[in-house]
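Some notes on this model follow, as numbered points.

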Amino acid sequence: MVKRFLRKRGNAVIDREFVNRINEENIPLSGSLELTHRCNLSCRHCYQYAPSGEEMDLERWVKLMDELAASGCLFLAFTGGEPLLREDAFGILEAAAERDFAITLQTNATLLDRDKVRMLGQMPTLRVDVSLYGIHPSTHDELTGVDGSYTAARRALDLLREEDIPTMLKVVVGSFNLDEVEEIAALADELDTPAMFTSLIFPRNDRDPAPTRFRLDDEGLERFMRFELDYLPRYLSEVMDEKIDNLADYVQRCAIGPADPGNEEKRYCGGGRTIFAINPHGDVYPCVAFPLVVGNIVEKEFVEIWRNSPELLELRRKEMEIPSECGDCSYLDRCGICRALSYQEQGEVVALSEEKCRLTRTLMKVLDNA
C-alpha cells in the first residue's frame, strides 16, 4: 500500500495525508535492525548492552526482510553494536538493497577499507552513518576506549567521499566534546556531508543510568542549543529537501501535540506504530531506544506481533495520554514527548521524563531569546 501511495504522490509524499494514513493503519514504515551487540569499541556513553542468546543467521534476516516488505516497510537502519563485525553483514545489506529498501548502515567505520567501501557503492539505496565524537583524535579515542579509532574513521570518511557514497556524521554531544561542535560542523562542510548532532543520551537498554553521567549540564545544554539553533535549519533543509527558516515553527510541527488529541493535526511519537527495532536474537521493540520487548520473530512472524502484541496494542491505546504533571505546562503543545525516555526513567510509558522536560524547557528558552 505505502509503495503504491509513494509512486502516486511523487515528491509530495511527506504531507499530512501521508502521515495520517501510515499512522492510522499502523504501517511499520521504518525499522532498526541490530545485527549484533558485539562491538570493537567500548564507547563510554553507549546505551547498548549484550543480553544472552544466539544471533540470527543470514537466512532468518532475509526471511524477516521479506515479511517487512510485505508489511509496507520502506526504511531499514542496520546497526549494532558494530554491524560490520558480522561476516555476513554485506550479504544482509545486499539482500536489503535487492528488496529496494532505503538503507542506512550505522557504523563506527573503523572496519571499512577501500574494498568494502566499493562494495557499499554498489548499493544504490544505501547511506552510511558514521559516528564521530570529536574533531581531535584524543577526544574521540578517549570516548571510544580504543586508540586509533578516530584515524580509522577519518580514513573511512575520505574513502566514502571518493566513492561518492551518501554519508552522514552522527554526533552525540556531551560533556566530553561540547567545545568541538563548531569544528565538527566545519569538517562536515569540508566533506560535503550533513551532520546530525544530538545531546540526547539514553540510559542503557537494561535501564542502567550509567551513560547519563555524560549528559550536558544546564549551562552546557543551553550553549549547545544555541549552536543547534544556527546549524539545525541548514541540516534539516539538506536532508529533507525542504527549506527550514523558522526552527520554532518546525519544533511545533514535529512535537507530538497531545494537548488536543481530537485534533486532526495531531502528531505521533511513532514508536510501536510506524517505527520498530529488532535485536540480534529476534526480540521486537517499539524503537531502538525503547527496550520493551513486545514479541520475538523467531517464535512468531513479524506481522502477527505487529498487529496483535498486547504490549503494542496497549502502547498505541495510551499514545495520546499525558502525565498529570504535564497538563498545565505552557510548553505542552511544543514538547516532543518521548515514551522511550519515560519508560527508561520510570518504567511506565505515560510518565514524566525529567530529561525530556529539561531538554524542552531549555530549547524554548533559547528560542524565546533568539
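1. In this predicted model, Tyr-231 has a relative accessible area of 4% and is therefore buried. Phe-227 also counts as buried, because its relative accessibility is 9%.

2. Nine aromatic pairs turn up in a search of the whole structure. In one of them, Phe-197 and Tyr-231, the ring centres are 5.2 Å apart and the planes stand at 85 degrees, so the pair is edge-to-face. Distant parts of the chain are linked by this pair: Phe-197 belongs to strand S6 (residues 195-198) and Tyr-231 to helix H9 (residues 218-240), 34 residues apart. Phe-197 and Tyr-231 are both buried.

3. Phe-227 and Tyr-231 have ring centres 5.7 Å apart, with planes at 10 degrees, so this pair is stacked. Both residues lie in helix H9, four residues apart, which is about one turn of the helix. One aromatic cluster is formed by Phe-197, Phe-224, Phe-227 and Tyr-231.

4. Two arginines sit over rings. The charged end of Arg-207 is 6.0 Å from the centre of the Tyr-343 ring, and Arg-316 lies over the face of Trp-306, 4.9 Å from the ring centre.

5. Strand S2 (residues 75-79) is largely enclosed by the rest of the structure, because four of its five residues are buried. S2 pairs with strand S1 (residues 30-34) in the parallel sense over five bridges, and Ser-30 stands opposite Phe-75.

6. S2 also runs parallel to strand S3 (residues 102-107), joined by four bridges; Leu-105 in S3 is the bridge partner of Phe-78. Together with helix H4 (residues 89-98), S2 and S3 make a right-handed β-α-β unit.

Notes: Residues are numbered from 1 along each chain as its sequence is written. This is a predicted model: local features need pLDDT of at least 70, side-chain atom pairs count only at pLDDT 80 or more; totals for chains, interfaces and linings use all residues. Side-chain values use heavy atoms; hydrogens and water are left out. Buried means under 20% relative accessible area, exposed over 50%, partly exposed in between (1.4 Å probe, protein chains only). Helices (H or I, at least four residues) and strands (E, at least two) are DSSP runs, numbered from the N terminus. Two strands pair if DSSP finds at least two bridges between them. A crossover is right-handed if, with the strands pointing away from the viewer, the path from the first strand over the helix to the second runs clockwise. Rings of Phe, Tyr and Trp (its six-membered ring) pair if their centres lie within 6.5 Å; planes under 30 degrees apart count as stacked, over 60 as edge-to-face and the rest as tilted. A charge sits over a ring if NZ of Lys or CZ of Arg is within 6 Å of the ring centre and within 35 degrees of the ring normal.
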